[in-house]
Amino acid sequence: MIGFADEATIEVRSGNGGNGCVAFRREKYIPHGGPNGGDGGKGGDIIFAVKRNLRTLANIRHKHCFKARNGGDGQGWNRYGADGEDCVIPVPPGTTIRDAETEEIIYDFSTAKGDESFTFLKGGNGGWGNVHFKSSTNQAPKQANPGQKGETRFLKLELSIMADAGLVGFPNAGKSSLLTYFTNARPKIAPYPFTTIIPNLGVLRVDDESDIIIADIPGIIEGASEGLGLGDTFLKHITRTACLIFMIDCSDENYLTAYDTLCNELRNYSDNLMEKPRIVLCNKIDVEGAFDRAVEVQNKIRAAEPDTVVIPVSVHTGRGMKDAQHQIMELVSKQEKRDMASGAAADAVENSENANQFGSSFMDSRAYIDDDDDNVQYPGSEQ
Ligand SMILES: Nc1nc2c(ncn2[C@@H]2O[C@H](COP(=O)(O)OP(=O)(O)OP(=O)(O)O)[C@@H](O)[C@H]2O)c(=O)[nH]1
Ligand SMILES: [Mg+2]
């Protein structure tokens, strides 16, 4: 995928243990001082740690090999070698670690409960110095152990964006315009289809304590699930969002069928997407005749799904946008509460097979982003 850091293949190496030492005590007036070679230090571990202000795998993609330090060798006078420093690899919330060859999942930070770090490879143990080999029959052992070797593995890291709300719509519906209106993201906006070719994330500040992350993905067209247009691979980025925002272009001829077509494409990708709570925004009501069309769409959807909120809006003039923002915030917080409840229920029935994979842990890993933090990365602003 062009320019969007959601995959990285890396090599990781834990540190070698330090070698044990062969040494003997030599002091004036102390003949046969005996062995005093110290042990080697332990090699450093490879540890993955979630860093909440990271939003992409860019920092990892640019560095291919991560090595922990080797343990120091043991020395005379029973001195131990120093332990090698661990290598801590920071990853954004929602990262999955797989074996690069077998694709087997090694660890998934989006479902692991509460754990913010994971020790993947242990460093090699340090070798024993000759002090350990002294026995009644061998008072002066010249034997020490070499340090254990560290391990090398190749891994594939994958990131599904952990957004709260995902934008779904035909190309040109105004999704990127909405992201720009609500959030700090500045994706490209243009009057032709497929302007957006990589997903963008934006942060909508709700109050000092919370924010909502919105994901703008490339437009979907009829047949996307069969590969038409840019296909449906981008939908994977919204499989973990709490809710969906559908955008319908009411200045377009297909305004009345757009919603059903989008629902079909989503359903073809995964049933899970259509189970998410959603709201529908009928955009471009500033265009002549579009407001009436928006009301038409509203009536049609309400007749079929009375619970779905449908709001006519114009991103350009701002009409209806306050209401839309309010409804999006409602939807996310409602889902958050539901997730927390189902998370608690899942805790109660531990190891239940039905445990909601979007349970409390998903919301726990929602990033709280500090605007002042220069380290915050947004995929859309990455290029
Ligand atoms: N009249 C009118 N035009 C709008 C409105 N919102 C967006 N547009 C225009 O619609 C066009 C498409 O907007 P984008 O935000 O790029 O649409 P998109 O859904 O992100 O499109 P893709 O990235 O191609 O999927 C741009 O020319 C916008 O200026 C609106 O409320 N009213
Ligand atoms: Mg766009």
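Which residues of H2 are buried? In this predicted model, the buried residues of H2 are Lys175, Ser176, Ser177, Leu178, Leu179 and Phe182. Here a residue is buried if 20 or more other C-beta atoms lie within 10 Å of its own, exposed if 12 or fewer, and partly exposed in between, with C-beta atoms placed from the backbone. By that rule H2 is mostly covered, with 6 of its 8 residues buried.

Residues are numbered from 1 along each chain as its sequence is written, while chains are lettered from A and ligands numbered from 1 in the order in which they are written. Because the model is predicted, local features need pLDDT of at least 70 and side-chain atom pairs count only at pLDDT 80 or more, whereas totals for chains, interfaces and linings use all residues.

The protein chain has 7 helices and 14 strands; helices (H or I, at least four residues) and strands (E, at least two) are DSSP runs, numbered from the N terminus. Of its 383 residues, 44% count as buried. Two residues are in contact if their C-beta atoms, placed from the backbone, lie within 7 Å. Among contacts with a separation of 6 or more, 72% join residues 24 or more positions apart.

The residues around ligand 1 number 24, and Gly174, Ser176, Pro191, Thr196 and Gly219 come nearest. A residue is near the ligand if its C-beta atom, placed from the backbone, lies within 6 Å of it. By class, the shell has 10 nonpolar, 11 polar and 3 charged residues, where Ala, Val, Leu, Ile, Met, Phe, Trp, Tyr, Cys and Pro count as nonpolar, Asp, Glu, Lys and Arg as charged, and the others, Gly among them, as polar.

Now for the interior. A nonpolar core is a set of buried Ala, Val, Leu, Ile, Met, Phe, Trp, Tyr and Cys residues joined through C-beta atoms within 7 Å. The largest one holds 52 residues, of which Ala165, Leu167, Ile214, Ile245, Phe246, Ile248 and Cys282 touch the most other members. Leaving aside neighbours within four places in sequence, Ile245 is in contact with Ala165, Leu167, Val168, Ile279, Leu281 and Ile328. A second, separate core of 18 residues includes Val50, Val91, Ile97 and Leu155.

Tyr255, Ala258, Tyr259, Leu262, Glu265, Leu266 and Tyr269 are buried in H3. They cover an arc of only 135 degrees around the axis, which puts them on the same side of H3; the arc is that of the directions from the helix axis to the C-beta atoms. Their cover includes strand E9 (165–169), strand E12 (243–249), helix H4 (271–275), strand E13 (278–283) and helix H5 (290–304).

Finally, some loop residues deserve a look. Tyr29 lies in the loop between E1 and E2 and has a positive phi of about 70 degrees although it is not a glycine. With 4 C-beta neighbours inside 10 Å, Tyr29 counts as exposed. His32 is placed in the loop between strand E1 (7–13) and strand E2 (46–50), and counts as exposed with 9 C-beta neighbours inside 10 Å.
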